[in-house]
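Student: Hi! Could we go through this structure together, rings and strands included?

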Amino acid sequence: MAVLFRPTRVARAALYPRLPNLANADWRFKSPADDDYQCIAWAACRVDRHMWPHSDYTWFPGLPLVSIPEEAPVDFFIQGFATLGYEPCESRDFQFGYQKVAIYANDIGVTHMARQHFLGRGWVSKLGTAEDILHRRLEDVEGSMSPLALQYGRMAQILKRSWWSACLSPCLFRCFRHALKFLLCRVAWRALEIKWKIVR
Amino acid sequence: MITYSQPEVAEVVASKDEWFVLPPLPAKPVCTTACEAEVKEWFTKDQINNYLRDLAWYMSHHPAPVAANLPTLADRFREQAEKWQNETQHLSSPIQKAAHPSYQAVLGMAAENKQEIIRLLIRDLQQNRRMWFWALSYLTQDNPIKPADAGKIDKMIDAWTTWGKDKGIA
C-alpha cells in the first residue's frame, strides 16, 4: 500500500494541465493519492486492486479480455458491471434509491469511470493512481477525444443499480468502510496542510 | 606507398564531412587510387600523424570529457520513467499509459541492452511502484503473475521480483 499525502496546491498544479475543465469547476479532494486501485476498481467499490479487461488485471470472471494495444470497448464494461447489478440508463441526474456510475471513453475506448455520490452531491472520480476527487458535474473531467491528449474523452454511458442490488453485494459495506477511511485521511491531511503552511 | 581499395576510399569520402577540416592541399600525397585526386585533397601521412599526435595530447589532458557527460542508460531510463509517471499518473487505462512516448522510449532502450532494462524495470517496480508490468511481459515474453493475484499491485511486484531473482537479474 502506498498512500501519498501531497499538498493540495501541488496536487492541483499537477492535475490542471491534464484535466483543464477542473480549473473552472467546483471540486475537492476526497482522499490522498493511492496506487493500490484506480477508477474502474473504485467504481466497482474495490480499493485493493486494479481492474481492466486484461490478463494482468482483475476482471469479472467469464467475460472477454483485451490485449494491451487493443482498444477496450464500452460494451465490455457494461457487461462487466452488469454482474454487479448495473444496467444502462439515460439520465445522469440523481435518483433516490439508485446508485449510478459513468463510463468515459475516447477514440480508442474506455478511459475512466466515475461513481455518483451516495447522496447525489456530485461524482467521485479516482484519478488513476492519484487522488480521489468529488466533482459537481460529469463534464468537469471530460477532455479531448484524441488518445494522444492523455485525457478522458467524453462521458459515453451511464449505468445504474438500485440500492437493494448494492445491498446484496459486499460493495455497500466496502463503500461505507472506505468512506470512514477517507474521512480519517482528510482529517490527517488537514493537519498536514496546517503543518505545511506553518513550515512555509 | 599505401594503396586504398575502392570501397575504402568511398567510405572515407562519404564520411568526409564528419571529420575535422584539414588545411589546404597537401604538398606530398601518399595515396594512389582511382580516386586519387579527391583523396589527395585531404589526406597526407604527415597530417594524419599530426592529428593523431594532437588527439593523443588532447585526450591525455582531457580525460574522457565527452563520455563523462553522456547520460547512461540508467539516467535516461530514470528521466523517461519520471516523465511517464508525471504525465500519466491521472490515467487508469493501461492502453493510454503504454502508448505514452516515454513508455515507448523505455521499450526502445531495450534494443541497446535488454537485460539491463529488465533489471532497471524490476528495480523501479520495487522502489517506486511504477507499473511496468506490460513492458516486462513484453520484453521477457513471460508472466509470473498468478491469475488470483492479477491487479493486486503488491503481489504483482513480489511476483516480478521473485522472477528476477530466479533468473539472476534482480
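Student: Is B:Trp84 buried or exposed?
Tutor: B:Trp84 is buried, since its relative accessible area is 3% and the cut-off for buried is under 20%. Keep in mind that this is a predicted model.

Student: Thanks! And B:Trp132, buried or exposed?
Tutor: B:Trp132 also counts as buried, at 0% relative accessibility.

Student: How many aromatic pairs are there over all chains?
Tutor: The structure holds 18. One of them is B:Trp84 with B:Trp132, a stacked pair with 4.6 Å centre to centre and 25° between the planes.

Student: Where do those two sit in chain B?
Tutor: B:Trp84 is in helix H5 (residues 73–88), while B:Trp132 is in the loop between helix H8 (114–128) and helix H9 (133–140). The pair therefore ties together parts that are 48 residues apart in sequence.

Student: What about B:Trp134 and B:Tyr138, how are their rings arranged?
Tutor: Their ring centres are 5.5 Å apart and the planes are at 25°, so this pair is stacked. Both residues belong to helix H9 of chain B, and being 4 residues apart they are separated by about one helical turn. B:Tyr138 is partly exposed, with a relative accessible area of 48%.

Student: Switching to chain A. Which residues form an aromatic cluster there?
Tutor: One cluster is made of A:Trp52, A:Trp59, A:Phe60, A:Phe77, A:Phe81 and A:Tyr86.

Student: And which charged end sits over the ring of A:Trp42?
Tutor: That is A:Arg115, at 4.2 Å from the ring centre. A:Lys126 lies over the face of A:Tyr37, at 4.7 Å from the ring centre.

Student: Now the sheet. What is the order of its 7 strands?
Tutor: In chain A the order runs E2-E8-E7-E6-E5-E9-E4; the sheet is open and the pairing antiparallel. Strand E2 (27–31) and strand E4 (87–89) are the edge strands, each pairing on one side only. On average, neighbouring strands are turned by 35° against each other, direction ignored.

Student: How many bridges link E5 and E9?
Tutor: Strand E5 (residues 98–106) and strand E9 (residues 154–162) of chain A pair over 8 bridges, in the antiparallel sense. Within E9(A), A:Lys160 is the residue opposite A:Lys100.

Student: Which helix packs on that sheet?
Tutor: Helix H3 (residues 74–82) of chain A, which touches E4, E5, strand E6 (109–116) and E9 of chain A. The direction of helix H3 makes about 10° with that of E9(A).

Notes: Residues numbered from 1 in each chain as written. Chains lettered and ligands numbered in written order. Predicted model: local features only at pLDDT ≥ 70, side-chain atom pairs only at ≥ 80, totals over all residues. Heavy atoms only, no water. Phe/Tyr/Trp six-rings, centres within 6.5 Å; stacked < 30°, edge-to-face > 60°. Buried < 20%, exposed > 50% of the residue type's maximum accessible area, 1.4 Å probe, protein only. Lys NZ or Arg CZ within 6 Å of the ring centre and 35° of its normal. Pairing = 2+ DSSP bridges. Axes fitted to C-alpha atoms, helices over the stretch in contact; angles between N-to-C directions. Contact = heavy atoms within 4.5 Å.
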